[in-house]
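Biologist: I would like to learn how to read a few features of a fold from its coordinates. Could we take them one at a time?

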Amino acid sequence: MAAGAGTGAQFVDRVVLHVAAGNGGNGCASIHREKFKPLGGPDGANGGRGGDVVLVVDSNTASLLEYHRRPHRKAGNGRPGQGSHRTGADGGDVILPVPDGTVVKMGDAVLADLVGEGTRYVVAQGGRGGLGNAALATAKRKAPGFALLGEPGDERDVVLELKSVADVALVGFPSAGKSSLIAALSAAKPKIADYPFTTLVPNLGVVSAGDVTFTVADVPGLIEGASEGKGLGLEFLRHIERSSTLAHVLDCATMEPGRDPVSDFEVIERELRAYDRVLGDRPLSDRPRIVVLNKVDVPDAADLAEMVRPEFEARGLRVFEVSAASHEGLRELSFAMAAMVTEYRESLPAAEPTRIVIRPEPVGGDTDFEVRAMGDNTYLITGLKPVRWLRQTDFANEEAVGYLADRLARLGVEEALAKAGAEAGATVLIGTADDSVVFDWEPEVAAGESVAGPRGTDRRLDGFR
């Protein structure tokens with residue numbers, strides 16, 4: 001959600017970010033040559049690694065506005081390897097600062113929840129550099145005439161959502177005085193005016209009460225039906241998900257017909273309960289809460305506060321009568337908030353360094369690959385290793401194609417095809433049903449043989465060109 005330019009606000013709390021990591025550099029196929037030593041052995045080096053795209057929590061970043069303006073980010077590609085064992089340079093990483101409390105999503109899946117200064121998450125990983133022919137040399141293949149291609153980097157479209165990190169959330173109707181209250185409690189200077197939806201962005205203030213320091217979030221006004229998308233409230237409810245304490249700010253001086261502190265409280269409570277359906281642990285309706293009867297500097301408001309106070313206390317709620325204008329009752333309110341925050345903090349387990357846990361989805365089941373019959377003597381091979389090897393292969397080089405065949409044979413693909421019922425000349429697809437490379441399977445081509453002939457050729461393929 002981006003605040004409009006006409007408001008003068010520069011706040012964005014949800015963006016779609018298109019990231020592309022760098023591709024790995026290609027390996028080099030080179031033979032060392034010098035006077036009196038024309039064939040000194042392979043000396044082609046590996047390609048460089050592609051750069052990563054990394055999200056890093058930065059306390060100096062308050063909004064996702066920069067990624068709303070420039071949603072496409074790409075890291076540098078790795079450089080190709082060279083002869084004389086000169087490894088290609090790695091591509092440059094792209095470091096993207098994000099606010100504390102940023103959640104990274106892809107679809108409905110949460111990839112990372114970034115909390116704490118310096119927390120890092122690699123949102124797109126650079127491709128590995130291809131091996132040069134020096135690294136591919138073996139006793140049977142002493143001077144390979146090929147090298148592996150660099151792997152492509154990850155490309156992703158992810159959603160970044162900001163959930164403010166605040167201890168206490170002020171909730172209430174528009175113009176209930178939340179912005180004035182947070183300005184009086186802290187050094188925050190939010191925009192304040194006497195009309196609905198003055199607050200278009202969440203405001204954070206730091207409050208000190210004795211030796212306790214905590215943060216308070218002024219959440220833009222909720223209205224009835226906010227959980228169904230009405231007004232602005234739903235856009236900002238996620239900003240109070242991390243808060244340990246809720247403070248209902250109720251306007252005791254409102255002149256709107258049909259409104260009073262008790263009915264306002266019940267409307268907001270219904271909206272909070274309705275929003276609980278999107279939360280897992282710690283629903284908003286179960287958070288500790290207090291009631292703040294605001295604007296008691298107005299005589300009629302003070303009388304109304306006295307009338308409704310017993311009703312809230314009968315519900316087991318602590319009630320504070322305050323005035324952001326005259327600062328009446330603010331000291332007691334701030335110390336009560338501090339006590340509730342301290343109680344919550346003490347209930348938490350000992351803090352540990354933030355760790356990002358990545359659980360990649362397995363490709364091709366529990367094995368390295370899977371063979372699936374597609375009908376009409378056609379078979380699809382999926383799996384992490386076959387697909388990665390495919391990307392590394394230069395199909396213009398026969399020796400490289402032969403090397404791929406050797407790798408697949410050692411993995412057991414030949415045997416799996418035979419068990420699946422494949423016959424000579426079968427069409428074999430490696431990849432996915434929508435994106436694959438097609439081969440004609442000829443089981444007579446022996447794998448793992450010593451290759452004779454000029455570099456870059458494989459005599460085993462002569463009969464199949």
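Biologist: What covers the buried residues of α3?

Modeller: Keep in mind that this is a predicted model. The cover of the buried residues of α3 includes the strands β9 (168-171), β10 (203-209), β11 (212-218), β12 (245-251) and β13 (289-294), together with the helix α7 (330-347).

Biologist: Which residues of helix α3 are the buried ones?

Modeller: Helix α3 spans residues 178-185, and its buried residues are Lys178, Ser179, Leu181, Ile182 and Leu185. Viewed down the axis of α3, they fall within an arc of 160°, so they line one face of the helix.

Biologist: Next, the sheet. What is the strand order in the open sheet of 3 strands?

Modeller: The order is β4-β2-β7, and the pairing is mixed. At the edges are β4 (94-98) and β7 (120-124), each of which pairs on one side only. From one strand to the next, the twist averages 30°.

Biologist: How many bridges join β2 to β4, and do the two strands run parallel or antiparallel?

Modeller: Strand β2 (residues 53-57) is joined to β4 by 5 bridges, and the two run parallel.

Biologist: Now the aromatic rings. What describes a pair of them?

Modeller: The distance of the centres and the angle of the planes describe a pair of aromatic rings. A search of the whole structure finds 3 aromatic pairs. One of them is formed by Phe146 and Tyr403: the pair is tilted, with 5.2 Å centre to centre and 45° between the planes.

Biologist: Which parts does the pair of Phe146 and Tyr403 tie together?

Modeller: Phe146 lies in the loop between α2 (133-136) and β8 (155-162), while Tyr403 is in helix α9 (residues 398-411), so the pair ties together parts that are 257 residues apart in sequence.

Biologist: Is Phe146 buried or exposed?

Modeller: The cut-off for buried is under 20% relative accessible area. Phe146 has 2%, so it is buried. Tyr403 also counts as buried, at 14% relative accessibility.

Biologist: What geometry does the pair of Phe395 and Phe439 have?

Modeller: Phe395 and Phe439 form a tilted pair, 6.0 Å centre to centre with 45° between the planes. Phe395 sits in the loop between α8 (384-392) and α9, and Phe439 in strand β18 (residues 436-441); the pair links distant parts of the chain, 44 residues apart. Phe395 counts as partly exposed at 38% relative accessibility, and Phe439 is partly exposed with a relative accessible area of 22%.

Notes. Residues numbered from 1 in each chain as written. Predicted model: local features only at pLDDT ≥ 70, side-chain atom pairs only at ≥ 80, totals over all residues. Heavy atoms only, no water. Pairing = 2+ DSSP bridges. Helix = DSSP H or I, 4+ residues; strand = E, 2+ residues; numbered from the N terminus. Axes fitted to C-alpha atoms, helices over the stretch in contact; angles between N-to-C directions. Buried < 20%, exposed > 50% of the residue type's maximum accessible area, 1.4 Å probe, protein only. Arc of directions from axis to C-beta. Contact = heavy atoms within 4.5 Å. Phe/Tyr/Trp six-rings, centres within 6.5 Å; stacked < 30°, edge-to-face > 60°.
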